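Here is a structure to go through by question and answer. Each answer sets a value against its definition.

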Amino acid sequence: MDEIRSMAGVTNDAASTDHIGTTTRAPERESMLGRLAWPDLSAEIQELLHHEGQIEDLAAGEVVFEVGESDFDFAVVLEGSIRIVDRAGDREVSRIGAPNFIGELGMLLGQSAFLAGVTAGPTRLLRVPRDRFLHLLTTVPAFADVIVPALAARRRLLYEWGEGGLTLVGRVNDPATTRLLTFAKRSLLPHTFVDRDDTDALARVAEQCDLPDDGTAAVTADWRVLANPEPRDIASALGMDLVREHHESYDVIVVGAGPAGLAAAVYGASEGLCVLAVDDTAVGGQAATSSRIENYLGFATGVSGSELAFRGLIQAVKFGARLAIPRRAVSLEPCGDGHDLTLDDGHVLHTAAVVLANGVQYRRLPLEGLSDLEGAGVYYAATDLEARRCHGSTAVIVGGANSAGQAAMHLADSADHVHLVVRGGSLASSMSSYLSDRVTTHPRISVHYQTEVTAVHGEGRLQEVTLTNNADDTTRRVEAAGLFLMIGAVPFTEWLEGLVALDDKGFVRTGHDGDPYVASRRGIWAVGDVRSGSVKRVASAVGEGSVVIAAVHHHLEAREEATATPA
């Protein structure tokens with residue numbers, strides 16, 4: 001597997017264990033993340049943990065936690081060390097020594113372990129039961145301030161090293177492969193990718209497991225093979241499926257984990273509510289596909305949408321919110337004094353309140369053959385994954401709003417040239433001034449006003465697009481390695497028809513009973529892009545998701561009072 005990961009662009013030859021609690025690989029990343037990932041535990045924190053835990057002595061070779069295990073205890077190494085092992089090849093990834101602790105972000109998310117922990121020799125541990133560990137995170141700020149950033153930093157290191165035991169197999173231009181890689185990237189799942197056209201790397205994987213002859217595959221750390229999997233299949237195999245019991249009850253279920261949904265989850269959980277956030281793709285929503293957001297308060301040099309989403313995720317789970325991803329909500333029905341939410345696998349959840357934050361998706365062009373090229377040159381996001389496929393080539397972007405401008409600037413860093421196709425006569429009404437100035441003056445970006453894409457061409461993958469100028473009715477064919485569609489928005493609200501009032505475009509109408517976010521049915525709110533009349537900006541979505549919790553609280557209190565008052 002070392003060779004496989006190296007061929008996938010991940011360097012593993014520096015996995016030296018000369019440093020306890022870290023490795024010598026990727027020193028430039030260690031300088032930024034190492035201090036967070038391997039912090040010193042203060043005397044106060046150690047005393048706190050001694051009060052909550054028990055000391056345990058282990059012999060060499062004993063398993064502290066295994067691949068696929070969930071809910072394992074938090075443990076501090078007092079003496080000796082623990083090898084962090086990739087079971088696929090029984091190779092040591094890192095080593096944790098005294099006085100540091102085991103674990104990474106999965107401990108907060110409730111995910112199963114990607115790797116195994118095995119004592120390297122006689123080892124003394126201080127074990128803290130998982131429930132007490134989670135209690136400390138929510139009640140002792142000094143403890144959370146050290147542990148949470150460390151767990152998050154370790155996940156980032158594992159992701160950048162490709163050390164999670166998960167191998168994805170497919171072809172670069174296959175839409176199914178694109179779906180899996182997009183899910184892994186947006187979920188920050190440590191993984192490696194093996195292209196089926198790389199026969200040597202493919203043969204090395206096939207030596208260890210029974211790969212299907214064609215299509216996509218996912219190989220887990222314990223050599224389970226998933227043939228032609230969907231993202232949810234991978235999530236289930238990795239223990240990311242956190243909805244395990246039928247008819248669980250929550251104070252509030254947030255549908256959608258974009259900026260609005262994450263903000264609602266953070267504020268709801270921090271106020272002591274039992275919160276579940278559901279999303280059918282990954283955290284971050286449409287905002288997670290933005291390569292750089294420069295007008296968000298507090299980030300003077302900008303922040304990527306994925307980074308903002310990741311920080312929001314950490315905040316939400318730190319306060320105790322749960323997430324069910326990837327899961328799609330398919331129906332919502334009144335039940336008693338609350339609602340039953342049905343997921344796409346038939347799972348039914350009961351909740352006292354619902355916050356709709358399920359956002360929008362970009363419109364699709366009504367072009368012949370377009371759907372056949374989605375994921376094979378036609379994209380609805382411009383992250384690093386898509387940008388790599390346009391390296392040294394030409395990219396075409398359709399749209400005139402901020403998302404299109406951000407995509408143009410990002411793609412211009414790797415593509416030879418970027419064509420921005422705008423249906424209107426200017427960018428002034430749809431794009432922020434600072435961004436339009438950069439786009440129109442960039443030497444590798446051409447803006448085509450009053451123009452549309454009227455045809456796509458390519459066998460198996462996109463090769464060219466036809467541009468039509470509506471002012472003079474002229475056409476031209478342009479070579480394109482990528483066509484990025486960012487043209488307007490369609491809300492995810494078909495499943496809500498008949499339950500809450502929608503406007504003529506399908507957005508949720510709000511503003512009933514003097515509450516700007518409450519929908520037409522009691523106990524349901526809508527925030528962010530899915531709300532009719534909302535400002536389609538990240539900052540406004542975060543604001544709406546934050547303040548709506550006050551109304552949810554008032555609703556829950558009134559509900560309790562009504563229940564407690566005799567008829």
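Q: What do the buried residues of helix 14 pack against?
A: They pack against helix 13 (384-388), strand 20 (394-398), strand 21 (417-421), helix 15 (433-441), strand 22 (445-448) and strand 26 (482-485). Contact means heavy atoms within 4.5 Å. Helices (H or I, at least four residues) and strands (E, at least two) are DSSP runs, numbered from the N terminus. This is a predicted model: local features need pLDDT of at least 70, side-chain atom pairs count only at pLDDT 80 or more, and totals for chains, interfaces and linings use all residues. Residues are numbered from 1 along each chain as its sequence is written, and side-chain values use heavy atoms, with hydrogens and water left out.

Q: Why is helix 14 called largely enclosed by the rest of the structure?
A: Buried means under 20% relative accessible area, exposed over 50%, and partly exposed in between (1.4 Å probe, protein chains only). Eight of the 10 residues of helix 14 (residues 402-411) are buried, so the helix is largely enclosed. Among them are Asn-402, Gln-406, His-410 and Leu-411.

Q: What makes helix 14 and helix 15 oblique to each other?
A: They pack at an angle of about 40 degrees, with their axes 10 Å apart. Axes are lines fitted to C-alpha atoms, for helices over the stretch in contact, and angles run from 0 to 180 degrees between N-to-C directions. Under 35 degrees counts as roughly parallel, over 145 as roughly antiparallel, 65 to 115 as roughly perpendicular and the rest as oblique. Helix 14 and helix 15 are therefore oblique. The contact is made by Asn-402, Gly-405, Gln-406 and Met-409 of helix 14 and Leu-435, Arg-438 and Val-439 of helix 15.

Q: Why is helix 6 called oblique to helix 11?
A: The axes of helix 6 and helix 11 (residues 305-318) come within 11 Å and cross at roughly 135 degrees. That makes helix 6 oblique to helix 11. Ala-144, Val-148, Ala-152 and Arg-156 of helix 6 meet Glu-307, Phe-310, Ile-314 and Lys-318 of helix 11.

Q: How do you know that the buried residues of helix 5 line one face?
A: In helix 5 (residues 130-139), Arg-130, Phe-133, Leu-136 and Leu-137 are buried. Seen down the helix 5 axis, the buried residues fall within an arc of 120 degrees, so they line one face. The arc is that of the directions from the helix axis to the C-beta atoms. An α-helix has 3.6 residues a turn, so residues three or four places apart point the same way. The cover includes helix 3 (43-52), strand 3 (74-79), helix 4 (106-109), strand 7 (123-128) and helix 6 (141-161).

Q: Why does Asp-513 count as exposed?
A: Its relative accessibility is 81%, so Asp-513 counts as exposed. Asp-513 sits in the loop between strand 27 and strand 28.

Q: Why does Ser-520 count as partly exposed?
A: Ser-520 has 37% relative accessibility, so it counts as partly exposed. Ser-520 is found in the loop between strand 27 (489-491) and strand 28 (524-526).

Q: Which peptide bond has omega near -5 degrees?
A: The bond from Ala-98 to Pro-99 does, and it is cis. Pro-99 lies in the loop between strand 5 (91-97) and helix 4.
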